[in-house]
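Colleague: I would like a close look at one part of this model, the packing of its helices. Please keep to what can be computed from the atoms.

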Amino acid sequence: MNNTGLFQEFPEVSAKQWKQKIQVDLKGADYNEALVWESLEGINVKPFYHQEDIEHITTFSLPKDLDWLVGQCIYVGDTKKANSKALEILEKGVESLIFTIPSEETDFNALLTGIDFERTELYFNFEFLVLEPVKKLVSLLKENKAKAHLNIDIIGHLAKDGNWYHNLEKDHQILTEMLSLGNSSISVIGVDISLYQNSGANMVQQLAYGLAQANEYLNHAVSKGIEKLLPITFKVAVGSNYFFEIAKIKALRWLWNSLASEYGIQSRCNILAMPSKRNKTLYDYNVNMLRTTSESMSAVLGGSDTVCNMPYDAIYHKDNEFGERIARNQLLLLKEEGYFTKASQIAEGTYYIESLTNQLADKALVLFKQIEKAGGFLDSLKKGMVQRKIKESAEKEQQLFDEGKIISLGTNKYQNPQDRMKDDLELYPFVKTKARKTIIEPIIEKRLAEASEQKRLNDE
């Protein structure tokens, strides 16, 4: 008997019939109060979804050839050690390297020696904005026909630090010169949406702010007569709301395609995803491995290009070879043994995810248009509007966490009173406050568990 014949034996059941059956089983309880809940984004989530939910909405399909790479971060404090580490982890299954470059004196020839550029995708995060070192790097990358992402994000730096690298005029001048360095294999512009997620912004805000930030760069390129509009990279933090995060990443690519088409851009964006820091905990830290596993799965199913996992102890340890190996192996297990290769197609056509994707994209587009109408993202940052809205969202989420409605195992639920962490801290895991002069109020990343963890540390 074929599958078609099997299912033809059963009559179709409409959404109305399912709802009626559920209402009978509720025995008088109100359907909406009992089973429908509202997300932080203002989306009403139903207990079931039906084909009827996507019949009259626009849906978005990911590219059929989309696959993802296993990434790992390397801090280039010592060039030789960073190169040695890069070569070592490439042998262990890593496919993409994410370098953080703290110094403009970095020897890129030494850093990239021995790397197979055909098989390895490169990302760079510069802690400075200087043209000459970047030009030397790009020359080396082009010579070796490498695929790379420079992630130049001057507005993201302003949002996080409160100041430009130099000043508004000079930063944009350097950006203009750097734009001329890119090509189809080397993307120059990056937009760091992870800052907003790690600071408590809801998903609609993350998407709208990321899109508005990208639009600032596109407007700048057009104003400078740059005809060749280049690829863009979005850095995304993925939280624990599993299906919503899948939909968020799908919606981001959809929104970029919509914005890019307005400028005549054909290239799709590149998405670098990593787990959120916001829900990670100091105590019962092994639970972080469960969190990062589900978050990495969301990143893959949502259609990320590269996924870089976070070690379970990243918030309080410097480098820990064991933690990094576990984080890397989590991704390798997903890819090689969990059959998550080209897994973004798994979520295609799912009624729930398609509905969420559509709602997130619609709500983000409305907020994006409001930002543009009010003068653009940069102007909203200067007026403190973005900061205020993120704070409001963060406070709402924090209240739910403090009340135990957002559950964190080992932290606000099922604590282990025997846990001791005071002697294990190599890094300060809380928000650092330092009085300094800034031109705007910086957006501050903060974990949900910080207040309760500080109290537990003091009580040890």
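At what angle do α11 and helix α12 pack, and how far apart are their axes?

Modeller: The model is a predicted one. In it, α11 and helix α12, the latter spanning residues 287–302, pack at an angle of about 35°, and their axes are 8 Å apart. The crossing of α11 past α12 is right-handed. On the α11 side, the contact is made by Tyr-242, Glu-245, Ile-246, Ile-249 and Lys-250. The α12 side contributes Ser-294, Met-297, Ser-298, Ala-299, Leu-301 and Gly-302. By class, the residues of this contact divide into 6 nonpolar, 3 polar and 2 charged.

Helix α11, residues 242–262, also packs with helix α10, residues 203–223. Here the angle is about 25° and the axes are 10 Å apart. That angle makes α10 roughly parallel to α11, because angles under 35 degrees count as roughly parallel. The crossing of α10 past α11 is right-handed. From α10, the residues that meet α11 are Met-203, Gln-206, Leu-207, Leu-211, Ala-214, Asn-215 and Leu-218. Their counterparts in α11 are Phe-244, Glu-245, Lys-248, Ala-251, Leu-252, Leu-255, Trp-256 and Leu-259. The contact of α10 with α11 comprises 11 nonpolar, 2 polar and 2 charged residues.

The structure holds 17 aromatic pairs. Ring pairs join Phe-99, Phe-108, Phe-124, Phe-126 and Phe-128 into a cluster. Charged side chains also sit over rings. Arg-456 has its charged end over the ring of Tyr-283, at 3.9 Å from the ring's centre. Lys-413 lies over the face of Tyr-414, and the distance to that ring centre is 5.5 Å.

Terms used:
Residues numbered from 1 in each chain as written. Predicted model: local features only at pLDDT ≥ 70, side-chain atom pairs only at ≥ 80, totals over all residues. Heavy atoms only, no water. Axes fitted to C-alpha atoms, helices over the stretch in contact; angles between N-to-C directions. Helix = DSSP H or I, 4+ residues; strand = E, 2+ residues; numbered from the N terminus. Parallel < 35°, antiparallel > 145°, perpendicular 65-115°, else oblique. Left-handed = near helix turned anticlockwise from the far one by under 90°. Contact = heavy atoms within 4.5 Å. Nonpolar A, V, L, I, M, F, W, Y, C, P; charged D, E, K, R; others polar. Phe/Tyr/Trp six-rings, centres within 6.5 Å; stacked < 30°, edge-to-face > 60°. Lys NZ or Arg CZ within 6 Å of the ring centre and 35° of its normal.
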